[in-house]
Amino acid sequence: MFVERYRPVLYMQYLLLLVDIFMNSFTEMLRFQNIILLVLYVAQDMCIIFSVIVVFLLFFNTFIFQAGLVGILVSKFKVPICLTFIYFSLCVGLHVWTMERRWSDINVFMWDNKGYQALYIIQRTCAVLHYYFYKRTALKLGDPRYYQDSEWIHREFERRR
């Protein structure tokens, strides 16, 4: 893919990632009303969904995918794909649990539940891994080797046979 064509896509991926980082960092400070918190959580979940859609659109645009060598793409990017779906599930679970506990009283003390603490820690840890692997995937998909026929693709295909 030409650099000029890929740059806007990369910037969009970075924007979605920054929105997600912002939401993870600052939603606890913006919890004055339940509706505001709900809208922020929905926006964060939508950003994660859009980021997955963008990555899959880039997958579909590669020469490897168009040649029918989907196994090569899946094997190269299985960790980021799986991690993104795990992270999305953890986010939705944490958001639902938070809204369920805070809906009747916005000032409820959230940290008295050990299960909630564990989910919060696991979600934040998975978030860091998601950010790293998503950014790495976004940069790797800018490699021109994925968008044209090359000796590398033939070697990968022969190695996986």
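1. In which helix is the place of isoleucine 153? Isoleucine 153 sits in helix α6, which covers residues 151–160, helices here being DSSP runs (H or I) of at least four residues, numbered from the N terminus. The model under review is a predicted one, in which local features need pLDDT of at least 70 and side-chain atom pairs count only at pLDDT 80 or more, while totals for chains, interfaces and linings use all residues. Residues are numbered from 1 along each chain as its sequence is written, and side-chain values use heavy atoms, with hydrogens and water left out.

2. Isoleucine 153 counts as buried, at 2% relative accessibility, where buried means under 20% relative accessible area, exposed over 50% and partly exposed in between, with a 1.4 Å probe and protein chains only. Between isoleucine 153 and phenylalanine 63 there are 9.3 Å in space, C-alpha to C-alpha, although the two are 90 residues apart in sequence.

3. Leucine 17, in helix α1, is likewise a buried residue, with a relative accessibility of 9%.

4. A cavity is a set of points, on a 1 Å grid over the protein atoms alone, where a 1.4 Å probe fits but cannot get out, and its lining residues have an atom within 4 Å of a point. Grid points are joined across faces, edges and corners, and a volume is the space filled by probe spheres set on the points.

5. The largest cavity has a volume of about 80 Å³, and its lining includes Val52, Phe56, Phe77, Ile81 and Tyr134. Helices α2 (34–61), α4 (70–102) and α5 (114–140) each supply at least two residues of that lining, and α4 gives the most, with five residues. By class, the lining of the largest cavity holds nine nonpolar residues, two polar and no charged, where Ala, Val, Leu, Ile, Met, Phe, Trp, Tyr, Cys and Pro count as nonpolar, Asp, Glu, Lys and Arg as charged, and the others, Gly among them, as polar.

6. The second largest cavity, with a volume of about 60 Å³, has among its lining residues Glu28, Leu94, Thr98, Tyr116 and Arg124. Helices α1 (3–26), α2, α4 and α5 each supply at least two residues here, and the lining divides into five nonpolar, five polar and two charged.

7. Threonine 98, in helix α4, is buried, with a relative accessible area of 1%. A polar atom of its side chain lies 2.7 Å from the backbone oxygen of leucine 94. The side chains of threonine 98 and tyrosine 116 are joined by a polar contact of 2.7 Å, that is, a pair of N or O atoms within 3.5 Å of which, within protein, one must be able to donate a hydrogen and the other to accept it, residues adjacent in sequence counting only if both atoms are side-chain atoms.

8. Asparagine 34 belongs to helix α2 and is buried, at 15% relative accessibility. A polar atom of the asparagine 34 side chain lies 3.4 Å from the backbone oxygen of arginine 102.

Methods:
1 Å grid on protein atoms, 1.4 Å probe; cavity = no way out; pocket = protein on both sides within 12 Å on 5 of 7 lines; lining within 4 Å.
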